[in-house]
Structure formats: structure tokens, C-alpha cells
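I opened this one to look around the ligands and at the sites a database record points to. My notes follow.

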Amino acid sequence: TKIEKVITKALITHELNKEEIIMLLEAEGKDKELLFQEADKLRKNNFGDEVHLRGIIEFSNYCSRECFYCGLRCQNHVVNRNRMTIDEIYEAAKEARNQGYMTIVLQSGEDSWYKVDILAELINKMKDNLDLAITMSVGEHSKNFYKILREAGADRYLLKHETSDKELFEKLRPGTTLQGRLNRLKDLRELGYQIGGGFMVGLPGQSIETLADDILLTKELDVEMAGIGPFIPHPETPLRGYPVGSVSMVLKVIAITRLLLPLTHLPATTALANLSPEGRFKALSCGANVIMPDLTPMIYKTNYEIYPKSSELLNFDNSFASWEKELLQHGRRVSKDYGHTPKPGFFA
Ligand code: 5AD
Ligand code: SF4
């Protein structure tokens with residue numbers, strides 16, 4: 001069939017044009033299953049059965065931005081705001097490392113309360129004492145800011161492009177531009193970070209063409225990781241009442257991204273798990289190879305409400321040992337190394 005031809009082409013060249021991507025995005029039934037199967041095989045050929053665990057610490061839910069989709073936007077006055085102290089962050093990272101986590105992701109809103117030198121000092125201390133890979137996810141900053149963190153030892157940086165539709169981007173992220181975002185990504189690239197990109201699926205105003213462009217942009221940026229998750233409406237945002245992103249569409253987008261970016265780490269995102277606990281495991285069988293368990297201490301975790309978190313997710317046992325057990329039941333092993341990118345050029 002036509003779909004088989006497109007998938008075969010993707011497996012050989014890892015290139016597809018927009019029309020071909022749209023065809024795969026619209027696949028259903030047997031075609032969809034074939035897409036998932038081939039993405040799963042490709043994942044297995046490149047990464048084996050290892051799943052990388054990245055422990056995430058959401059250390060501050062203060063944010064100066066007003067993104068229309070996000071519950072942490074500054075105009076949300078209902079949410080309780082709080083910040084972990086540098087010592088609390090360090091202790092949470094240490095506990096994670098003791099359990100077996102080899103990567104820690106430090107995430108917050110855009111919160112200027114934490115000065116760059118303080119963050120650099122924290123990163124430095126973690127690198128010296130904890131033998132961890134460190135990923136930062138603290139939003140848009142100057143190249144100098146990124147440089148200081150990089151020199152302190154940060155290995156990776158997460159900055160999703162969110163949506164490739166310029167108008168939609170500027171509507172949903174007032175005061176910022178898609179070009180600005182891409183410039184930040186270029187800065188991170190020049191500084192030698194392993195980059196985590198990605199985007200949301202199901203944003204109001206997003207079309208299937210936009211999604212194809214999102215996949216193509218991810219390919220063009222050639223990111224080392226791509227976080228792809230469903231949009232989940234938050235009641236305290238202007239996008240309340242819009243429908244939630246489709247799990248099936250997210251899975252197709254992950255599978256297509258796997259075909260085009262065979263060596264890129266793809267997490268089965270927490271947003272996906274928030275919609276359906278099996279969603280996360282389904283993602284692991286259609287191209288994904290990373291899980292990002294939330295290790296934030298409970299009080300802070302509850303208040304870190306980008307989207308409403310299910311109580312199931314909030315109460316999930318995210319200990320390293322528990323994930324080892326859970327993943328083993330799905331036939332997968334937990335990686336014991338840093339899980340750096342296998343892409344050439346980084347650790348040559
Ligand atoms: N639904 C899903 N994902 C969201 N994000 C922010 N708000 C939402 C939402 N309502 C994602 C963005 C951001 C990451 C921290 O969370 O992609 O990069
Ligand atoms: Fe702030 Fe990020 Fe939420 Fe935007 S998406 S409001 S920058 S935390």
C-alpha cells in the first residue's frame with residue numbers, strides 16, 4: 001500500500017516530506033499498527049531494550065510569563081507558589097542519585113529569583129559530589145546565562161519549540177516569538193548542550209499541517225531528545241474548555257519522529273501518563289525509550305500544576321527500584337548509565 005511505501009522510505013532514508021508525514025498522521029487501523037511496529041523495531045535496533053530514567057525536580061513554580069496553555073502563568077493567582085531552597089534541591093538530587101538515577105532534570109518556570117551564579121554553584125556542587133548528568137529546564141535566557149550554566153557542568157537543556165506555527169506561537173506565548181525561541185536553541189547548540197526539544201499535540205488552533213511542520217522542525221533542529229505530549233487544558237488559563245490532545249495522535253507523532261530521528265531520545269511523556277497510565281507504556285512500544293519520573297517533594301509537586309495532575313500520577317511510586325520492577329514487567333531493562341546521546345560528535 002501507499003502507507004507501506006512511505007514507511008519503507010522513512011526506514012531507509014529517515015526523510016519524509018510534509019505530504020508523506022500527513023499521510024502517516026492520518027493512518028488508522030492496520031496502517032497505524034504497522035507504523036507503531038516499525039517505529040518500535042527501529043527503537044529496539046538503536047537502543048535495545050534499555051529505558052533511560054531521568055528524575056525530574058520541579059524546584060520553583062513561579063513564572064513571569066503568561067503562556068495561554070500553562071497553569072503556572074503569572075496571571076494564575078489561584079495556584080500556591082513556592083520555591084525549593086538550593087539545599088532542598090541538592091538533597092533531592094542526592095536522594096535520587098542514591099536510588100540509582102543517573103540524570104537529574106532541574107525544572108522551573110521563568111523565575112529570576114534564582115540568580116545564575118547560584119544555579120551555577122548548585123550545578124557545580126552536584127557535578128563534583130553526585131556523579132550525575134544534569135539537565136536544565138528553566139526557560140528562555142541570554143546566551144551568557146546558558147554559558148555560565150554550561151561551564152558549571154550542565155550537560156543538557158530542555159527547551160521545546162512548543163509549536164512551529166509562528167502566529168499560534170505568538171498568540172499563545174505573549175511577549176515571545178518563535179524566532180526568539182529558535183535563536184535560544186541555536187545558542188544552546190553553539191554551547192555544546194545536548195538539546196531536548198519537542199512540542200505539544202492538540203493545541204487549540206493546531207492543524208495536521210502544523211503537526212507535520214512540528215515533526216519537520218524537530219528533524220531540522222536535530223535535537224538529542226524530543227518531548228512530545230498532549231495538550232491538557234488547565235481551568236485557570238484562557239484555554240480552559242478546549243479539548244485535550246488525542247493520545248492516539250501523540251503516539252503517531254512519536255512513532256513518526258522515531259522514524260525520522262533514529263538516534264534521538266524520545267520520552268514517554270508525563271503529560272501522556274496523566275491522560276492514561278497505559279499511554280506511557282504504549283509510547284514505549286511505538287518508539288519512545290525514556291521515562292521522566294517526577295521526584296519533586298510532594299508539597300512542591302502538587303503545586304507545580306502546568307496542567308491538572310491526576311491523583312494517580314501524583315501518588316505514583318517513582319522510586320528507581322519501583323520503575324525497574326514496572327519496566328521489567330513490560331520486558332524492558334532500566335539503563336544504569338548517564339544516558340547521554342548516542343549521536344556522533346558529542347563524546348567522540
Ligand atoms: N498541557 C500540556 N503540556 C503543557 N506544557 C505547558 N502547559 C501544558 C499543558 N496545558 C508543557 C510545555 C512546556 C512544558 C514544561 O510543559 O510543552 O514546555
Ligand atoms: Fe512559564 Fe513555561 Fe508555563 Fe510558559 S510554559 S507560563 S514559561 S512555566
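How do the residues of the shell around ligand 1 divide into nonpolar, polar and charged? I got eight nonpolar, two polar and two charged, where Ala, Val, Leu, Ile, Met, Phe, Trp, Tyr, Cys and Pro count as nonpolar, Asp, Glu, Lys and Arg as charged, and the others, Gly among them, as polar.

Ground rules: this is a predicted model, where local features need pLDDT of at least 70, side-chain atom pairs count only at pLDDT 80 or more, and totals for chains, interfaces and linings use all residues. Residues are numbered from 1 along each chain as its sequence is written, while chains are lettered from A and ligands numbered from 1 in the order in which they are written.

I looked up who surrounds ligand 1 (C-beta atom, placed from the backbone, within 6 Å): Y69, C70, E162 and H234 are among them. Around ligand 2 I found C63, C67 and C70, among others. That shell has five nonpolar, two polar and three charged residues.

Next I checked UniProt, whose unreviewed entry lists E162, R173 and R181 under "binding site"; such annotations may be inferred rather than shown by experiment. These are spread over 20 residues of sequence, yet their largest C-alpha distance is 10.7 Å.

E162 is in the loop between β4 (156–158) and α7 (166–172). I noted E162 as buried because it has 21 C-beta neighbours inside 10 Å (20 or more is buried, 12 or fewer exposed, in between partly exposed). R181, in helix α8 (residues 178–190), has 19 such neighbours, so it counts as partly exposed.

Methods. Helices (H or I, at least four residues) and strands (E, at least two) are DSSP runs, numbered from the N terminus.
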